[in-house]
Every structure is written in C-alpha cells, then in structure tokens.
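My notes follow in the order I worked.

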Amino acid sequence: MAQSQSSPSEPSAERVTPQEPELLRHMVRSPGYLTSLGLSALVGIPVSLAAFWFLVALHQLEHALWTDLPEALGRDTPPWWWPLPLLLVAGTLVGLIVTHLPGKGGHVPAGGVSVGGFSANALPGVLLAALVALPLGAVLGPEGPLIALGGCLALVFRNLARMPATPHTAALLGAAGSAAAISAIFGNPLIAAVLLIEVAGVGGPRLFAVVLPALLASGIGSLVFTGLGHWTGLGTGSLSVPFDQPLPRLDAPDVGWTLVVAAAVALCMHPFLAAARAIAAHVARRPLGRTVLCALGAAICCVLYALTTGRSTANVALSGQATLADLASRPEAWGIGALIALVLFKGVAYTLCLAALRGGPVFPALCLGAAAGLVLAPLPGLGVVPAMAAGMAAAAVTALRLPVSSVVLVVLVLGTSAMIPVVIIAVVVAFVVSELLPEWPAKPAVPAAPAAPAARAGDPG
C-alpha cells in the first residue's frame, strides 16, 4: 500500500507544533516585552488612583442629587418630576460635548463594550460626558469612560517612559490600563483579564502576551483601589447582590426552568438593544437636539414608572446598583406589577440612554435581568436566587455578546459559586437565542458590485 508523503513545502504537524511554545518563550524573553510588563505593573497604580477618585466623584454627585438635595427640600425620596430637569440638563450638556469637543464624548454605549482607540485629546470630553450624564440619571454604568481613562493614562505613561510608539506597545499598554480600570469598577482582577480576552479577540501566543500585562496591572490596581477605600473611608458604590436568605441547593426544576428564564430574558432584551442601535444612527446625524430628546424620553419613563407604581424614580434612573441590591435583599417587597413596570420603563430608558448618552451597558443590564428573573420566580419549583442568577446571566450576555465574561461577571457579582451551573446554562441559552434572532432593523442589502474585467496574463489574481 502506498503511503502518503508530505511535501517539503508543507511542514508536518511534528514540525509545526513546537513553534508555538518556542515563539511564546522568545516573546517573553525579549527585552521589549519585559520592559512593557514592568511598565504595566507601574501603570496599574496611577490608573487605579484615577479610577478611584473618578468613581468617588460620581458616587458623591449621585448621592447629593438623588438623596441629599431631596432631603434638604423635606422629601424622603425624589418627587415624581425630579428626573425631568436633571436629565434635560444631562442631555443638553452631553449634546454640546458631543458636538464641540474632540472625541464626541467617547464610545456610544449602544455598540457594547469597546477597548482601544484611545486618544489623550478625547479623554476630557469622555470624562465630562460621564460626569454630567451618570449622576444626573442616565441609565448607564461607568465602565465605558473608565476603560477609556485607563487606556489613555497607560499611553501617557508610555510616552513619559519614552518607549517606542509602536502599535505593539500601544496595544499592550492600552490593554493593561483598560484592565486596571475594569478591575477597579468590578472589584476583581479576574473579570478584567477575561473581558479583555473576549473583547480583544486575540489568540495563541498573542493571547498570553496581552493577558499577562493586563492581569498584572489589574491585580496591582485592585490592591491599590481596595486600600484607598479603607484608608480614606470614602465610598464609590459597589455592584453586588447582598442575599439575606441562605442560598438554596440547586435541583432539577431550577435547572430546567433556567432554560425558560434565559430564553425569555434574551427575547426581552433583544428589542431594547436593537432599538438602541437604530436610534443611535439617527442621533449621530443631529447629535445636540436628538440627544436632548432621548434624555427627556428617559426622564418621562422615570416619571411614568413613579406615577404608575408609587415607587421612587431612582429605580428607573441611574445605573441600577441600588435597585439591584434592593431586589436581592428584599424580593418579597416587589410585587409582579412593580417588577413588570421596572423592566418596561427601565428597559425603554436604557434604550434611549444607550443610543444618545455616554456610559457603559453592563450595570443596567444586570438590574433588568434580575428584575425579569424575579418576574418568573413564581414558576413551580423555581427558587428566587436561581431565577435572579439566570436572569442576570442572560441579560449580561445579550447586552455584551461576550459569553465567558458574562459567566465570570455574574458569578463574581453573586459572590458565590453555588449558582455556576445555572449561570452557565443561562449564558449559553441566551447567547444562542440572541444570535438566532434577526437583526432589527434589518440591514439593507448591499448592491452587487459590477463585474470586474477579465484578468490578463501577468495581472495579480
């Protein structure tokens, strides 16, 4: 029997396989990479310092506008009309920033989480847009501007260290700075590395080359960030789920109903996110006026929620950290009607803010998922905690399109590994459902290009 022989021009698997570890070993031993790794460790310190004070400023402004000022006016909670003037101001200022400052206020959150494309000239506009939008009631989180802050500061330090301004060093240090900022906001360096892997989309030796600096910078930044909180006594807000009840043991109904919850949440979130992308395209044509209109639309959602349910407008406004904590600690205080109203009105406000204002998509998505999970918690055999965990996981992956990051994020927010099976199942189901759903509005068909003339001999093929 004739044996197949590989061509000399086609290296065998035995020849190809050892190249990967050899390439990685050569890359790690190179002086340029070791210099970048050392600088990444240093970058984590200033980035975490900047992230800490930025989050403190957001937290203090939010508390002053939504707690201290209403109390000074003799009210325990903000009145029903409170979001109207605040979001009007937010929309106007963000519209002016987008129109007149470099960088247009940063990444539009309807596009998801973005890492890269940082510019030092654009950073003031990014931070200003976040500082006027988030405390004034935008239904967004702070992760978008924090990622830009970390990436820009890392490149500034590269220039101060007089490192070569190559695309390689820009990618490495930009990733390290972004990772340090992500670990600050989510309180754990692990999510920074995982999120960066999926957003950057790198693999093989390049994966290790990017993740090592990112993990080192985020780990050191997390230590500095945590220490600052203890030393100063100042708070930045915490995205966590403080379950008062003991966590249940999962059983067959919990796992079975997870399929239903995940699919339902994905079907619920998809229209919000698709509409946000469509509205964002219209806002980009006339940013000032349409940004104001979207902000006012979000304020009207807050007002309608308060008038319909008698609850605080802050449940719909803002990122949802406080509402998520309340849903977890007092689920019995939320009736089905209030939960449905929260999902509806906060979902629409989230859509409008994603399209026009500036911030991040993660925090409100988790809040919406938790609320939707509680709506379905009365299903026979389904527990409250598994329902919330499945809802949060499904909402996170539908908003981010990053399955591994969504699993790690939700598990860290829950603070327990007991719900990992539910979280993984919910992420997979919701991701598949959201990918199978058609894009809305449908993308216009691309007209066929005219046929190219026949190639002549000697022309490049």
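I counted a salt bridge wherever a side-chain nitrogen of Lys or Arg comes within 4 Å of a carboxyl oxygen of Asp or Glu. The model is a predicted one. My search of the whole structure gave two salt bridges.

**Salt bridges**

I took Asp-326 and Arg-330 to start. Their side chains meet in a salt bridge, at 2.9 Å from N to O. I checked the cover on each partner. Asp-326 has 19% relative accessibility and counts as buried, because the cut-off is under 20%. Arg-330, at 39%, is partly exposed.

Then I went to Glu-435 and Arg-401. Their closest N and O atoms are 3.2 Å apart. I noted that Glu-435 lies in helix H17 (residues 420-436), while Arg-401 is in the loop between helix H15 (384-400) and helix H16 (403-414), so the pair ties together parts 34 residues apart in sequence. Glu-435 is partly exposed at 41% relative accessible area. Arg-401 is also partly exposed, at 29%.

**Aromatic rings**

How many aromatic pairs are there? I count two aromatic pairs. In one of them, Phe-52 and Trp-53 have ring centres 5.1 Å apart and planes at 85°, so I logged the pair as edge-to-face. The cut-off for that label is over 60 degrees. Phe-52 is buried, with 1% relative accessible area. Trp-53 is partly exposed at 44%.

I read Trp-81 as partly exposed, at 35% relative accessible area. Trp-82 is buried, at 5%.

I also looked for a charge over a ring. The charged end of Arg-311 sits over the ring of Trp-334, 4.1 Å from its centre.

**A nonpolar patch**

Together with Leu-42, Ile-45, Leu-49 and Leu-234, Trp-53 makes a nonpolar surface patch of about 430 Å². I placed Leu-49 in helix H3 (residues 31-72). Leu-49 is partly exposed, at 32% relative accessibility.

**Helix H13**

Is helix H13 enclosed or open? I found 16 of its 21 residues buried, so H13 is largely enclosed by the rest of the structure. I then checked the length of H13, which covers residues 336-356. At 1.5 Å a residue, its 21 residues should span 30 Å. The end C-alpha atoms of H13 are 30 Å apart, which agrees.

Notes: Residues are numbered from 1 along each chain as its sequence is written. This is a predicted model: local features need pLDDT of at least 70, side-chain atom pairs count only at pLDDT 80 or more; totals for chains, interfaces and linings use all residues. Side-chain values use heavy atoms; hydrogens and water are left out. Helices (H or I, at least four residues) and strands (E, at least two) are DSSP runs, numbered from the N terminus. The expected span of a helix is 1.5 Å times one less than its number of residues. Buried means under 20% relative accessible area, exposed over 50%, partly exposed in between (1.4 Å probe, protein chains only). Rings of Phe, Tyr and Trp (its six-membered ring) pair if their centres lie within 6.5 Å; planes under 30 degrees apart count as stacked, over 60 as edge-to-face and the rest as tilted. A charge sits over a ring if NZ of Lys or CZ of Arg is within 6 Å of the ring centre and within 35 degrees of the ring normal. Patches are made of residues with over 30% relative accessible area and no salt bridge: like charges are joined within 9 Å, nonpolar side chains (Val, Leu, Ile, Met, Phe, Trp, Tyr) within 5 Å. Accessible areas come from the Shrake-Rupley method with a 1.4 Å probe; for residues, only the protein chains shown count as cover.
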